[in-house]
Amino acid sequence: MLHSSGGRPPNPRGLLIAEVAQATQRLADAGVPSPRFDAEELAAYVHGVKRGELHLVPDTDFDARYWEAVSRREAREPLQHITGRAFFRYLELQVGPGVFVPRPETESVAGWAIEAVRAMDVAEPLIVDLCTGSGAIALALAQEVPRSRVHAVELDEGAYGWAAKNVEGSRVTLHHGDALTALPELDGQVDLVVSNPPYIPLTEWEYVAPEARDHDPELALFSGEDGLSTIRGLERTAHRLLRPGGLVVIEHADTQGGQVPWIFTEDRGWADAADHPDLNNRPRFATARREVP
């Protein structure tokens, strides 16, 4: 049966899919690491649909603001700053300028921490997330370990503001302060300390992806000449906070796998220091247990 428009359906679809293909090429030419995903995610955001529903958007509903968003991403502005959201495990977080955007590799860190706490014989485990940023790890633990008591610490004022938005209405208690001196009232009581601290050496500034170097807070990225200054400080903080037998989990760069476990040595009161891979099988985080006297 013919339509009055000459055989075409009343709301032809396909324009948005064609535009996404063009955007993908533009983003690829700009060096964006995941051009197809980003082009689709921007299209879904601008048009208020899910990525799997892009083909359902009628040509008449195409929004030219899509190309404004693509241009911003082409200039290597983080995807999450454009959409205002970041996905982390089962969470959707608010993010933007002034806060470190959570990365997929950190999901492995949170996953190990969640499993470790679940395996503890503790009714209401006490957890501290140091350098919390957007609050991603703390919120994941609070969500996936329902009886846990989670404290999160952030020093940077901009990041703290974003974390405050994200933890609102959750069971996470947020603290504005320095991770190296934080929460003395919890000394010797904490079951697990977790952190995704700054760990990029200052000497590698020029090699950092523009999305991070030009948009993430420097406080969340760089840490001394070898990148390990903050982690060395966190080793003392974790030892102070943890109960005997408590665990620490710290993310690091994939190039630091052989170095971080050596910070958590027996003569400093640690046992079982080890490295763990991320989903790409690269060394990504270290764990250790506070020695039991």
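## Notes on the predicted model

1. **Confidence.** The protein chain averages a pLDDT of 89, and 87% of the residues score at least 70; pLDDT is the predictor's confidence in each residue, from 0 to 100. Over residues 1-8 the pLDDT is below 50, and beyond near neighbours in sequence this stretch has 4 contacts in the model (contact means heavy atoms within 4.5 Å). Where pLDDT is low, the predicted coordinates should not be read in detail.

2. **Ground rules.** This is a predicted model, in which local features need pLDDT of at least 70 and side-chain atom pairs count only at pLDDT 80 or more, while totals for chains, interfaces and linings use all residues. Residues are numbered from 1 along each chain as its sequence is written, and side-chain values use heavy atoms, with hydrogens and water left out.

3. **The sheet.** Seen strand by strand, the order is E5-E4-E3-E6-E7-E9-E8, an open sheet of 7 strands with mixed pairing. Strand E5 (172-176) and strand E8 (270-277) are the edge strands, each pairing on one side only. From one strand to the next, the twist averages 15°. Helices (H or I, at least four residues) and strands (E, at least two) are DSSP runs, numbered from the N terminus, and two strands pair if DSSP finds at least two bridges between them.

4. **E7 beside E9.** Strand E7 (residues 242-251) and strand E9 (residues 283-290) run antiparallel and are joined by 5 bridges.

5. Helix H5 (residues 106-119) lies across strand E3 (126-130), strand E6 (190-195), E7, E8 and E9, and runs at about 160° to E7. Helix H9 (residues 229-241) also lies across E3, E6, E7, E8 and E9, running at about 155° to E7. For these angles, axes are lines fitted to C-alpha atoms, for helices over the stretch in contact, and the angles run from 0 to 180 degrees between N-to-C directions.

6. **Ala18.** This residue is found in helix H1 (residues 15-29). Ala18 has a relative accessible area of 37%, so it is partly exposed; buried means under 20%, exposed over 50%, and partly exposed in between (1.4 Å probe, protein chains only). Ala18 and His55 are 37 residues apart in sequence, and their C-alpha atoms are 9.9 Å apart in space.

7. Side chains of opposite charge can pair when their charged atoms come close. The count here comes to 17 salt bridges, where a salt bridge is a side-chain nitrogen of Lys or Arg within 4 Å of a carboxyl oxygen of Asp or Glu. Glu40 and Arg36 form one at 3.8 Å, N to O; both lie in helix H2 (residues 35-47), 4 residues apart, about one turn of the helix. Glu40 counts as buried at 18% relative accessibility, and Arg36 as partly exposed at 41%. Arg73 forms a salt bridge with Asp38, with the closest N and O atoms 2.7 Å apart. That pair links distant parts of the chain, Arg73 in helix H3 (residues 65-74) and Asp38 in helix H2, 35 residues apart. Both Arg73 and Asp38 are buried.

8. The side chains of Arg289 and Asp272 meet in a salt bridge at 3.5 Å, N to O. Arg289 lies in strand E9 and Asp272 in strand E8, so the pair ties together parts that are 17 residues apart in sequence. Arg289 is partly exposed at 34% relative accessibility, whereas Asp272 is exposed at 57%. Elsewhere, salt bridges that share partners join Arg36, Glu40 and Arg51 into one network.
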